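Subject: Structure handover

Hello,

Here is the structure we talked about. Please open it next to this email. My notes follow below.

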Amino acid sequence: MQHFCRVACLAFLAVTASLAAGSEESDPLSGRNANYDIEVRLDAQRRLLEGREILRWRNSTEMPATEMRFHLYWNAWKNNRTTWMKEAQLRNGAGSGTTRTVGEEDRSYCRLRSMKILPEGSFAPADVTRSLRHISPDDMNPNDETVAVVSLPRAVEPGETIALQIDWISKIPRTFSRTGYRGDFFFIAHWFPKVGVFREDGTWNCHQFHAGTEFFSDYGVYDVKIAVPRGWLLGATGLAQSVTENSDGTATHHYRQEDVHDFAWTTSPDYREALRVFEHPGLKPVNMRLLYQPEHERQVDRHFRATEAALRLYGEWYGEYPYGHVTIVDPAWGSGAGGMEYPTLFTCGTRFFNPEGGGSPEGVTVHEAGHQFWYGLVGNDEFNHAWLDEGLNTFSTERVMAEAFGKQFYVRRFFRGFVPVMLREVVKNRFTYEQGLDRYRAAARSDAQSTPSYRYHPATGAALSYSKTALWLSMLEKSLGWDVLQRILAGFFERWRFRSPGPADFFNAAGEISGQDLSRFFEQVYGRSAVFDYAVASVSSRPLKAEGFFDREGSPAYVSAGREEARLFETRVVVRRLQDGILPVEVLFKFENGEEERELWDGESEWKLYTVVKPSRLEFAAVDPERKLLLDINYTNNSMLLNPDAGLAASKWAAKWMIWLQDYFQALAFLM
């Protein structure tokens, strides 16, 4: 069996190496203006990285660059006074660094030893180490060293390329923000000095590392050699070129990847490896490599099926995955490295007991595989507009889960989360539960979504970037239809592959492709922190009575009080807008004889009275009966019965509680 696995692995490497050779000859898919050759050595005992990189950076703007700025992400956890650490405290105990005691083994740093200009092009060699300094452009925090700037002896003119050699040493943290170590498990992300993005106006997009934001960088070619202890499996962005055994007990793994905007890697002596090939008519084959924990061997197929579902459906809906390879990482238990995306590589997350049908590990695997499209291929500015990938991807994830895996059921975990009990009577709703309506409700007033993402309150930013966007995309699906929304997303994807779109680019694509003016919709859901809550305030339905003068045959005639019009009922319904969010909603009147009547209310006024005369009494009235306005924070007030049935709700909840209690006792019986 070991011989078979070794042969399979060698065959896999041979295939990927041949693909790599072909890709070097292909036309560039991206601008490739930030290219890295990196050599790095892992000291697993001392938790250190020592590296050297050669950055070849081309000024792709029309403005000269007199300085260059770099991200030093790992300085975010250097001490307790950095911007990241201060913002993490605002999460009220949620997130890395706020629920544990932080000691020396947790801390990290990235120290630049030297920076030199290499004699390439028209640049003369120069040592610019002395001009290196740290800046904090976002908050002027003197203790934050996550951005470094170097002044250049002369400007990099438009279209010109400069080559810099940078030597650095970093201490690896015990995992923060899904990078670091746990025991002999290492997941290394955002680990090298990384150049910022130079903008068309001649300024740098190179923000400090904030607790609630992610990343933004230019596309390029990465050629990386990583020395780790011999015998440890390693996975990385790109394709394996070679493995060379060294005399000091290490092995150097050489990886290369074109047209990506980041590079991450992982290594551990505990990893096991599985290989599959994704094939589907009309889509490019993809070599899939899974690095998994030994205790999760029974979930190998589930990881592959979820990855295949994402590659197939995202590929059919939006566009083809172009790289031909992807690495799936099952991180060590408790490592804090799960659920994160990197080019051609992503991390999942699972447990020893994970019943099928509960959405795990399928959900996180689909989501992170989906980020190969929304993030990897459409490389938006996550610092300022995180919703453009997180929101689009959350919506897409739940659509894939519904189509590929059907109903998902609520799982309740007992005994410190170790024992799962699946409640098949409780089906997760794709539009509300899975897209985080409860999370959005708590953060609805926190910030306008148009606020730059790095300025969101750290405790509520995810609700706006992930949940709110997924909810309003589902609103578009319900109002425009999936066929129209799919064309919008596919058109946006095609236009902005390997580029960096902004919000206006998405809004313009949506309006143009749908053929509708969606500006009012986006102004409400994106431009403001508007909250939506429509309600039925009162209902009545009484026999229609007449008293007073009424026209009869052209002349006024008096009708005595109390006279009823034969078989007619006058129904009155008052609907209200309880918050400041304003979008059109439908109002439904359902009558006892089965007849329905619908009205479209523009929602502008704070209340509206509807009067309807029908030969039947009203049964109930509802605002937004199809629940198209998914951002409505309180759907329980959207309908009202003419004759309330107090026992109906009590019976429903009593039945659910009995089911939950029964499942709880079944779990106890299982353990006994």
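First, a term: on a 1 Å grid over the protein atoms alone, a cavity is a set of points where a 1.4 Å probe fits but cannot get out, and lining residues have an atom within 4 Å of a point. Grid points are joined across faces, edges and corners, and a volume is the space filled by probe spheres set on the points.

Some ground rules. This is a predicted model: local features need pLDDT of at least 70, side-chain atom pairs count only at pLDDT 80 or more, and totals for chains, interfaces and linings use all residues. Residues are numbered from 1 along each chain as its sequence is written, and side-chain values use heavy atoms, with hydrogens and water left out.

Cavities

There are 2 cavities of 30 Å³ or more.

β20 gives the most, with 3 residues. Helices (H or I, at least four residues) and strands (E, at least two) are DSSP runs, numbered from the N terminus.

F352, F353, F415 and F418 make a nonpolar surface patch of about 430 Å². Nonpolar side chains (Val, Leu, Ile, Met, Phe, Trp, Tyr) are joined within 5 Å, like charges within 9 Å. Areas come from the Shrake-Rupley method with a 1.4 Å probe; for residues, only the protein chains shown count as cover.

F353 sits in the loop between β23 (345-347) and α4 (362-370). P361 is found in the loop between β23 and α4 too. A cis peptide bond joins S360 and P361, with omega about 10 degrees.

Most residues other than glycine have a negative phi, and most peptide bonds are trans. S177 has a positive phi, near 45 degrees. S177 lies between β8 (161-171) and β9 (180-182), in a loop. D624 also has a positive phi, about 55 degrees. D624 is in the loop between β31 (618-623) and β32 (639-641).

Best wishes

Definitions and conventions:
Patch = residues over 30% accessible without salt bridge, like charges linked within 9 Å, V, L, I, M, F, W, Y side chains within 5 Å. Salt bridge = Lys/Arg side-chain N within 4 Å of Asp/Glu carboxyl O. 1 Å grid on protein atoms, 1.4 Å probe; cavity = no way out; pocket = protein on both sides within 12 Å on 5 of 7 lines; lining within 4 Å.
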